[in-house]
Amino acid sequence: MATSSELFTDPQRHILRSGSLGAADAAVEALSPRSFPDHKSKVITGAKINSGFSAASAKHFKRSNSCKSGQPKKGGGGGKGTWGVWLEDGKELHIDRSDPNYDSEEEPYKLVETPIAQSLEEFKDKVALLVGEYFATGNVADTASDLRDLGSPDYHHYFVKKLISMALDRHDREKEMAAVLLSALYADVVEPEQLAKGFTRLLESVDDLALDIPDAVDIVALFLARAVVDDILPPAFLSKSQKDYPEGSGGLRVLQICEKSYLMAPLHAEIVERRWGGSTRTTVAEVKKKIDELLNEYVESGDIAEACRCIWELNVPFFHHEVVKKALIIAMEKRNAEPLITSLLKESAGEGIITSSQISKGFARLSDILDDLVLDIPHAKEMLQSLTWKATEDGWLSASFAKSLSFEFSLPNSQEAQIFKQQATVIAQEYFLSDDIAEVVRSLEELAAPELHHIFVKKLILLAMDRKNREKEMASILISSLYFEAITIDQIAKGFTLLLDSAEDTALDIPDAANQMTLFLARTVVDDVLAPLYLREIDGQLKEGSLGAEIVHMALSILSARHAAERILRCWGGGSGWAIDDAKDKIIRLLEEFEAGGVLAEACQCIRELDMPFFHHEVVKKALTMAMEKQNDRLLNLLQECSNEGLITTNQTLKGFGRVMDNLDDLALDIPNAKEKFALYVQQAKSEGWLKASFVVGSAINMPYA
């Protein structure tokens with residue numbers, strides 16, 4: 001093997017020795033073309049090169065013909081044809097950013113992912129859901145995380161505006177929660193510029209908000225003051241913004257009220273912070289604990305009214321699915337508590353405390369954890385199937401949703417239901433021949449199966465759809481007459497739900513079924529049998545994209561058209577529909593005459609001459625509404641007299657009060673104190689004995705029970 005002395009020449013060995021002593025740079029510099037003063041010279045004159053090369057040896061040095069200079073690299077790695085940096089091992093060279101010769105162009109390229117920007121409309125939809133969930137749970141951390149995950153920080157000003165806009169017409173709890181959330185998100189998630197921009201957009205829309213919320217100006221001023229007190233908005237924002245709004249505008253009034261009424265008052269910081277009751281943030285764990293406590297107390301006491309009140313006072317409507325889930329688990333664990341639990345859920349659904357969508361969500365959540373639940377409750381699957389069947393039979397769970405659950409579910413065809421269906425068909429056919437509503441009422445009472453009345457409603461409409469317009473009109477009149485007198489509103493709504501569930505099958509036999517179902521559904525709303533809210537409840541129970549859901553949407557569209565009521569009443573040629581329309585006009589005229597100073601006995605005689613005992617609920621409804629509008633409680637004396645004489649039955653009175661209660665939200669737009677007046681009327685009627693004590697006021701006036 002060749003030795004090192006044979007591989008290198010003397011000059012090369014000298015360079016190696018110099019490198020080991022730290023003098024390599026001098027040697028390399030000596031060999032570099034830059035050391036020659038004139039590149040064109042072939043002979044270098046003067047002293048010898050330090051490396052030991054003679055000047056004569058320089059004539060053998062040749063320049064490269066390449067355009068590259070061949071100079072050493074910044075890192076000392078040499079140029080073209082050199083050996084590279086000392087001790088170089090061939091690996092990637094480390095780049096030192098603190099090196100004076102650092103060049104950013106030497107950095108390796110990196111591909112950075114850029115998210116696709118979403119539109120403002122998409123962001124608005126997501127923000128509305130996010131704010132609603134926050135008001136339900138009160139979880140600031142989750143809300144901040146969700147808002148950050150939404151991206152689009154340039155749209156955060158809309159989040160600020162939406163949060164405050166949704167809190168305006170809610171309780172003080174939600175207003176305090178909104179203020180706390182803004183303070184928590186400031187600078188961490190929402191930039192100060194976006195926060196200020198959000199308040200600016202809110203001030204620009206104050207005039208529009210005031211149309212729906214009368215005290216919007218004062219509430220927005222308080223939010224603005226709270227933002228200044230919490231140090232998330234500079235006081236200079238108020239003075240600068242006043243120049244942007246014309247005199248008399250809502251935005252200018254907000255700024256003036258905020259500055260003069262709130263921020264200039266003594267101890268204004270404490271007053272503003274405590275205006276909405278201080279911090280009301282409630283964690284999810286606290287809500288779950290309260291739900292467990294109220295359910296356990298209910299199982300022990302059996303007081304369904306108190307349990308419903310406690311659920312209402314939780315004030316977390318978006319979290320009611322947790323109530324359903326926990327209640328069902330308790331029913332599985334304690335079999336003796338099952339009747340109490342099903343009664344509570346049925347009552348909560350019937351009173352509108354827990355919506356159908358929340359009930360469905362509760363069942364779905366329990367179905368998702370069924371495999372884990374079986375470990376603690378071996379027969380959990382069979383128990384859940386049983387509970388689902390009972391809920392469907394009682395009408396507070398949609399049959400179509402029950403079939404979509406993860407476990408296999410089917411509705412049993414009981415012999416009792418089959419017998420009732422046959423008898424309902426006979427009753428409906430006889431009615432179409434006789435037109436005797438009283439006979440239908442007696443027949444249904446004799447069957448003594450009120451829990452199956454939804455079958456009669458469905459069968460009546462199906463038989464009418466395959467007949468002439470006369471029978472269709474008669475069916476609508478019968479449903480309106482039977483409402484509350486013989487069939488409850490829940491049974492009517494359930495009948496329509498079952499009808500719409502089977503719309504696809506019906507359309508195979510009756511080509512025009514979808515159009516006819518739409519008219520029947522709209523007619524029940526016009527006749528004040530179902531409130532528009534019930535249509536949305538029914539829609540929530542139907543499968544999305546199904547024919548039944550499309551029918552509900554068409555019905556809502558027809559009802560929103562101009563003169564919809566008149567057109568729907570005439571859709572089957574008038575007939576009895578005209579009689580009902582005329583009866584409504586006569587009722588209004590006789591009540592106006594009595595209110596203007598008419599005689600009590602004469603008014604009772606006019607009601608008697610109407611000869612429509614199944615329509616007397618309209619008298620009660622119109623009398624209560626007119627008493628609110630004209631602030632004349634004399635009309636209540638008429639209702640009391642009619643009740644004492646037996647002219648208006650107890651059921652018709654209950655039905656009239658129920659219809660007014662269903663429309664209280666709409667009445668409140670024209671009569672601001674409508675809810676308070678109605679509560680007083682209910683109390684007076686109960687004390688005088690012409691309204692059943694069992695009548696409950698419900699959620700229409702913000703309290704579950706009177």
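Which side chains meet in a salt bridge at 3.4 Å, N to O? In this predicted model, the pair consists of arginine 173 and glutamate 174, and both arginine 173 and glutamate 174 are buried. The pair belongs to a structure that holds 14 salt bridges. Side chains of opposite charge can pair when their charged atoms come close.

A salt bridge also joins the side chains of glutamate 176 and arginine 226, with a distance of 3.0 Å from N to O. Because glutamate 176 is part of helix 7 (residues 172–185) whereas arginine 226 is part of helix 10 (residues 216–229), this pair ties together parts that are 50 residues apart in sequence. Glutamate 176 has a relative accessible area of 1% and is therefore buried, and arginine 226, with a relative accessible area of 7%, is buried as well.

A further salt bridge is formed by arginine 523 with glutamate 473, whose closest N and O atoms are 2.7 Å apart. Arginine 523 lies in helix 28 (residues 513–526) and glutamate 473 lies in helix 25 (residues 469–482), so that parts 50 residues apart in sequence are tied together by the pair. Arginine 523 counts as buried at 1% relative accessibility, and glutamate 473, for which the relative accessible area is 3%, is likewise buried. The contact between these residues is part of one network, in which Glu473, Arg523 and Asp527 are joined by salt bridges that share partners.

Note on methods:
Residues are numbered from 1 along each chain as its sequence is written. This is a predicted model: local features need pLDDT of at least 70, side-chain atom pairs count only at pLDDT 80 or more; totals for chains, interfaces and linings use all residues. Side-chain values use heavy atoms; hydrogens and water are left out. A salt bridge is a side-chain nitrogen of Lys or Arg within 4 Å of a carboxyl oxygen of Asp or Glu. Buried means under 20% relative accessible area, exposed over 50%, partly exposed in between (1.4 Å probe, protein chains only). Helices (H or I, at least four residues) and strands (E, at least two) are DSSP runs, numbered from the N terminus.
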